[in-house]
Amino acid sequence: MESQEPLDGQEPVDGGRPVDGGQPAVEQDAFTRWVYGRPFFGGLWLTLGGAWILLTMKASIKVVMHVGMQGVAGYLLPTLMLLVGLLILFSPGQRLFYSIVGVLCSMGTWLTSNLGGFMVGLLLGVVGSVLTFGWLPEQDQRVSRRDRSRQESAQKGPSYDTGGPDNGTGTAGMATGTPQTAQ
């Protein structure tokens with residue numbers, strides 16, 4: 001396939017893909033931009049954890065500690081997990097507060113809701129809250145240590161020892177890394 005000439009203000013394209021490896025803006029639909037603009041998977045997992053615990057409350061095995069009016073905490077905490085998960089998805093600006101509330105509700109379901117939905121809902125809620133807490137918006141891609149040192153050395157330019165006479169500073173041979181003996 002032949003390379004196409006780029007239009008004004010666009011990057012070169014080779015067969016529908018940009019030459020530099022990025023994704024063309026045409027392929028990024030509105031939903032993809034929405035997903036990447038928020039802690040989507042953290043909110044999704046927290047919501048699924050709350051829903052799972054609510055479903056397991058109807059299980060035939062009753063391992064629920066009844067607190068208050070016929071175990072209202074058994075239904076309250078997973079409902080809060082589900083609500084906080086949805087808030088993370090649709091209002092990511094307060095994600096740190098929501099993630100802390102989510103992990104506390106998830107841990108509380110251990111006692112109040114069939115051992116946290118038989119550990120599945122509890123783990124989904126905790127992992128979702130941790131993912132949300134650690135999510136940073138618009139973070140630059142990490143550069144490895146090796147690439148960073150290559151960039152720094154390219155910016156500084158080469159520094160070579162010509163092996164010429166010592167200019168009186170006592171640094172002859174230091175740029176090559178050879179050890180100097182005390183004189």
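Contact here means heavy atoms within 4.5 Å. The model is predicted.

**Exercise 1. Find the elements of the chain and their order.**

Step 1. Count the elements. The chain has seven helices and three strands.
Step 2. Read from the N terminus. The order is β-β-β-α-α-α-α-α-α-α.
Step 3. Turn to burial. Of the 183 residues in the chain, 26% are buried.

**Exercise 2. Check the span of helix α4 against its number of residues.**

Step 1. Helix α4 covers residues 95-112, which is 18 residues.
Step 2. The expected span is 1.5 Å times one less than the number of residues.
Step 3. Look past the helix. Asn114 follows α4, and its phi is positive, near 50°.

**Exercise 3. Work out which side of α4 is buried and what covers it.**

Step 1. List the buried residues of α4. They are Arg95, Tyr98, Ser99, Gly102, Cys105, Ser106, Thr109 and Thr112.
Step 2. Find the cover. Among the elements over the buried residues of α4 are α2 (40-56), α3 (72-90), α5 (114-118) and α6 (120-134).

**Exercise 4. Trace the largest nonpolar core and the place of Cys105.**

Step 1. Name the members. The eight residues are Leu46, Ile53, Leu77, Met81, Val84, Ile88, Tyr98 and Cys105.
Step 2. Assign them to helices. α2, α3 and α4 each supply at least two residues of this core.
Step 3. Find the main supplier. α3 gives the most, with four residues.
Step 4. Follow Cys105. Beyond its neighbours within four places in sequence, Cys105 is in contact with Leu77, Leu80 and Met81.

**Exercise 5. Classify the ring pair of Phe97 and Tyr98.**

Step 1. Begin with the whole structure. A search finds six aromatic pairs.
Step 2. Take the geometry. The ring centres of Phe97 and Tyr98 are 6.1 Å apart, and the planes meet at 55°.
Step 3. Apply the cut-offs. Planes under 30 degrees apart count as stacked, over 60 as edge-to-face and the rest as tilted. At 55°, the pair of Phe97 and Tyr98 is therefore tilted.
Step 4. Phe97 is exposed, at 54% relative accessible area. Tyr98 has 13% relative accessibility and counts as buried.
Step 5. Look for a cluster. Ring pairs link Phe31, Trp34, Phe40, Phe41 and Phe90 into one.

Definitions and conventions: Residues are numbered from 1 along each chain as its sequence is written. This is a predicted model: local features need pLDDT of at least 70, side-chain atom pairs count only at pLDDT 80 or more; totals for chains, interfaces and linings use all residues. Side-chain values use heavy atoms; hydrogens and water are left out. Buried means under 20% relative accessible area, exposed over 50%, partly exposed in between (1.4 Å probe, protein chains only). A nonpolar core is a set of buried Ala, Val, Leu, Ile, Met, Phe, Trp, Tyr and Cys residues joined through side-chain atoms within 4.5 Å. Rings of Phe, Tyr and Trp (its six-membered ring) pair if their centres lie within 6.5 Å; planes under 30 degrees apart count as stacked, over 60 as edge-to-face and the rest as tilted.
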